[in-house]
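Visitor: I have a structure open and would like to learn how to read its side-chain features. Could you walk me through them?

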Amino acid sequence: MKPSDYAVRNAAVDPSRSFLVQAPAGSGKTELLTDRILALLALVQKPEEIVAITFTRAAAAEMHARVIEKLHAATLPEPEEAHKKQSWLLARQALVQDKAQNWNLLEHPARLSIRTIDSLCSHLVRAMPLLSGLGGVPEVSDQADSLYLYAAQKVIAAANHTPAVAQVIKHIGVNLPELEKLLTEMLAKRDQWLPFLHQGGEVDYLQYCLHTLVEESLQRVDDALPFGWQVDLQPCAVYAHENLVAKGGVGYPQLADWSENNPLEPIPEHLPRWQALISLLLTSSLAPRKPGGLNARSGFPADGNKAINQQMKEWIGAFDETSAWVSALLNLQHLQSEYTLAQEELLEHLSMTLRLAVAELRLAFIEQGQVDFIEIAQRALEALGHGDNPSELLLRLDRQISHLLVDEFQDTSLSQIQLLERLSSGWTPEDGRTLFLVGDPMQSIYRFRKAEVGLFLQVQREQRLGDVPLTAITLTNNFRSTANVVDWVNQLGKTLFPLQSDAGLGAVSYNPSIAYHDGADHSGVSVHPFLYQKDAADKVDEKQARLLMEQQVVTLCQEALTRYTDSAKPVTVLVRARSHLQSLVRLLSAAGVPVKAVEIDELKSRPAVQDMVQLVRALCHPGDRVAWLSLLRSPLCGLRLSSLHQLCGHSTYDTIPCLIEQAQSADWDPDEWQRLQHVADVLLDRSHRSGGLPFVAWVEHCWLRLGGPQVYAAANELTDAEAVLRLLESLAPDGEV
């Protein structure tokens, strides 16, 4: 059975067009992305012309593995399953091109350029170290808050000789901790405002931005209100104003001149008139007026014009607090159309202070040898130059890259959007180069990485990224869950998400999914609320309540294990913070429930990780005595303490490798000597002196020869060892230590 959105999916694979695909959870976006890569492989001259970008190494590895898996499957007979046939056909065509161009992708899968966006930025900085301004790639930290705080403190300390900083401090009432906090937060999202400071004339530009914001906000209200609303409300507003003024009240003076010839227009000059609608249409608690609430105090006396009273009641009665125009109107409350002179002066001081903060932050980066993701992205942009003044690197990439694919596009930041625009600058539909952007704004999670979901909505609305026009499409089928679960999520999503998307506010409306699988008796959602009990003093014993709640979770887990016996991992417990799981894990273990706690305890505290770290240290430096002794004592070798003393107790200065080479078998216990020789064969192997393998590969090679996977054979231990290798690769991506 074909999915209901089959035509959309089929069109998205067309390698001649550029797309922005909104792909909700469970909609098969990885399948679509890999099919798109296969379709492109059938056309390009080199696989490196296709660059696929995602956000995590795990996602990049999965995508890479899926493409290779499909290429392998294409060497076999056509599958019987209907949903696999398109991938098989696309992979067959890719293999034809592979053979014609002599790529040998199955033997050389590394030619597929599927990488994280951070590794792409790091690659660009390494390619042009002088143009990037970094001279290389320092350590990239996702926890740069301490550096932001340090820079903020340096700025505040400069107040005595920097009038702009002194004026900012005066403005916030000499609340230095608050200024520290504000500067830290601004530095953490400097990519969003720094380009404006570089233009000069900040106040004029901010005034222009304010006008634009007001116009967009007013237009949003105008669009949300029903057709003909001005015709319906104008006589009611003027009538109410006149009644209130006649009784000595203020009325609605901004609406007094409202007429057919003088309508409310979505322009900054009319902002006060639009704001007057708040008082007319909403109560003092900012809820929509009810027909029964219209009275003399609101300008509609019972003994007044009955026709107009009735007209207003009918108009108001058609809406409630969920109406789109209500929230749009409330957004106008605190807007202003012009900055005052005092505000303009303050903006000048703030601009100067922020410039100084950025300068201090860059000095902190140099001192600490660390940068954040924003800095790497910005320096990558500098290395590329501009579309009208491209660097040599951008010109080279323009010749090399023909197709860009971006996964999780909703999690891109402004700098990353600019990077994509620069890489695709000058592309046209006629030259055969394409963009393929996939994401789901409902799943935006990387706000800590300065991602802005409003950027996705803006590209979706404009159907363009830089020079490249895009066709915006949406996948609707959900292949992951049964109809029971999908229907429940759809029902809940309608109430949790905003009614309308708003790129400026980052508001994302909910798009319902269509279940591909039918409902099932065993599938559904059950809610088990936990109600806190209060004591006689109307207080909650939080410790006791937490214990009772965790015991309820243990009971639910036991019930699920009894019910779902056909699943290898039938139960998953999700919490808001890792600390919430620590005591729960102990309770589950005490109740006899087998538990695998993912990323609950620190990686460095696990035995497999500790031994692998000692292996890395030993391979890096023969003089690291502690690392060598730890390795010899570990289960990978297992020498007794007496043997270690026999090996090196007589020498304080010789390295352990030298002492191993000098050891004589006649002096050793046979079993201990055999253990020592096994380790010596691996760690003293001179075949790698030329550096033929990358360092990470050599570490893995030694780990395997030492029997690491046999000593630490549990699934979680194997995963821990792989995590260390991935971390080591990120620290030494080019094989250098």
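Guide: Gladly! Keep in mind that this is a predicted model. Let us start with the cysteines: a search of the whole structure finds zero disulfides.

Visitor: Is Cys 648 buried or exposed?

Guide: Buried means under 20% relative accessible area. Cys 648 has 10%, so Cys 648 is buried. Cys 236 is buried as well, at 1% relative accessibility.

Visitor: Now the charges, please. How many salt bridges does a search of the whole structure find?

Guide: The general idea is that side chains of opposite charge can pair when their charged atoms come close. Here the search finds 22 salt bridges. One of them joins Arg 190 and Glu 375, with their closest N and O atoms 2.9 Å apart. This pair links distant parts of the chain, 185 residues apart: Arg 190 sits in the loop between α9 and α10, and Glu 375 in helix α17.

Visitor: Are Arg 190 and Glu 375 buried or exposed?

Guide: Arg 190 is buried at 0% relative accessibility, and Glu 375 is buried at 1%.

Visitor: What about the salt bridge of Asp 398?

Guide: Asp 398 pairs with Arg 433, and their closest N and O atoms are 2.9 Å apart. Asp 398 lies in helix α18 and Arg 433 in the loop between α19 and β9, so the pair ties together parts that are 35 residues apart in sequence. Asp 398 is partly exposed at 28% relative accessibility, while Arg 433 is buried at 16%.

Visitor: Which residues are linked in a network of salt bridges?

Guide: Look at Glu 31, Asp 35, Glu 62, Arg 66 and Lys 70, which are linked in such a network.

Visitor: And which residues gather in a patch of negative charge on the surface?

Guide: That patch holds Glu 215, Glu 216, Glu 269 and Glu 338. Glu 338 is placed in the loop between α15 and α16 and is partly exposed, with 43% relative accessible area.

Visitor: Which residues form a nonpolar patch on the surface?

Guide: Trp 488, Val 489, Leu 492, Leu 496, Val 525 and Val 527 do, and together they have about 530 Å² of accessible area. Val 489 belongs to helix α21 and is partly exposed at 36% relative accessibility.

Key:
Residues numbered from 1 in each chain as written. Predicted model: local features only at pLDDT ≥ 70, side-chain atom pairs only at ≥ 80, totals over all residues. Heavy atoms only, no water. Disulfide = S-S within 2.5 Å. Buried < 20%, exposed > 50% of the residue type's maximum accessible area, 1.4 Å probe, protein only. Patch = residues over 30% accessible without salt bridge, like charges linked within 9 Å, V, L, I, M, F, W, Y side chains within 5 Å. Areas by Shrake-Rupley, 256 points an atom, 1.4 Å probe, with all protein chains shown as cover. Salt bridge = Lys/Arg side-chain N within 4 Å of Asp/Glu carboxyl O. Lys, Arg positive; Asp, Glu negative; His and termini not counted. Charge placed at Lys NZ, Arg CZ, Asp CG, Glu CD. Helix = DSSP H or I, 4+ residues; strand = E, 2+ residues; numbered from the N terminus.
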